[in-house]
Amino acid sequence: MECASGASTWTWPNVTAAWAGIDLAGPNSRACASTSWNTDIDFSAEAFPYIEARRGRIEGIPVRALRVGFVGELGYELHCPAACGEALWDLLLDAGHEYGIRPFGVEAQRTLRLEKGHIIVGQDSDNLTHPEEASMGWAIAREKPFTSARRRSGTRTARRCTRV
Amino acid sequence: MPEESHLVVDGERITGRVTSIAWSPTLGHADGHGVQRAPDRAEPGTPFTIKAQGGRFVEAEVVATPFVDPANERQNA
């Protein structure tokens, strides 16, 4: 992607495939992440609140840790260079062994996120969906000079249907 | 249980569709998302009808989200 802005041209290479991501979630996830491994990331509740991110290393592996809750649980997304993904996975399995850690996959994630009420953009929304319709009006910065939401006139108040 | 893309109907009118649905082990019943072009039917407690497989009509109810842990005690632990 390139963008020309005044005298500058910016290029953003897509490095998605260069990163591995592991979701560590559940009531014991903090205890697991706070195990006696060599890390400069403090996973304690006081040092790492919800919706914050930390950069550091776990046993030498560069990690971006995001405290987010897509599955509705205490948890962390741990992102590292793809070449280190398997090693980080093995470290987590070892650290979580005493807590009964188990892998969980896409179907479990989709069920958990649905229980939490999170939408999946592109599945629960389409290119006609207004943020207000997805109960995400809070994400629109209305004081900025231009947002895609300003292209729409009015607000359609269609809401999600829930519980069957 | 209805499936994704099954229609939400009001008599002969199509008013929306199911976008996500799954059986919730936590709740013991199905939960899901959908979209309706019916602003007057968005309030929690409002009943609505889904046309499911084989033309069966399934009655459902609008419920506020999140369905589980509304106080976010688990994710904010």
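Strand β1 (residues 7-10) of chain B and β4(B) pair in the antiparallel sense over three bridges. Strands are DSSP runs (E, at least two residues), numbered from the N terminus, and two of them pair if DSSP finds at least two bridges between them. V9(B) stands opposite T49(B) in β4(B). This is a predicted model: local features need pLDDT of at least 70, side-chain atom pairs count only at pLDDT 80 or more, and totals for chains, interfaces and linings use all residues. Residues are numbered from 1 along each chain as its sequence is written, chains are lettered from A and ligands numbered from 1 in the order written, and side-chain values use heavy atoms, without hydrogens or water.

**The sheet of chain B**
- Five strands form an open, antiparallel sheet in the order β3-β2-β1-β4-β5.
- β3 and β5 of chain B are the edge strands, each pairing on one side only.

**The contact between the chains**
- Contact (heavy atoms within 4.5 Å) takes in 41 residues of chain B and 30 residues of chain A.
- The two chains bury about 3,100 Å² between them, 48% of it on carbon and sulfur atoms. Buried area is the accessible area (1.4 Å probe) that two parts lose on being put together, summed over both.
- H33(B), R37(B) and Q75(B) supply 22% of the area that chain B buries against chain A, more than any other three residues.

**Salt bridges**
- Two salt bridges are counted between chain B and chain A. The term means a side-chain nitrogen of Lys or Arg within 4 Å of a carboxyl oxygen of Asp or Glu.
- K116(A) forms a salt bridge with D69(B), with the closest N and O atoms 3.7 Å apart.

Conventions
Helices (H or I, at least four residues) and strands (E, at least two) are DSSP runs, numbered from the N terminus.
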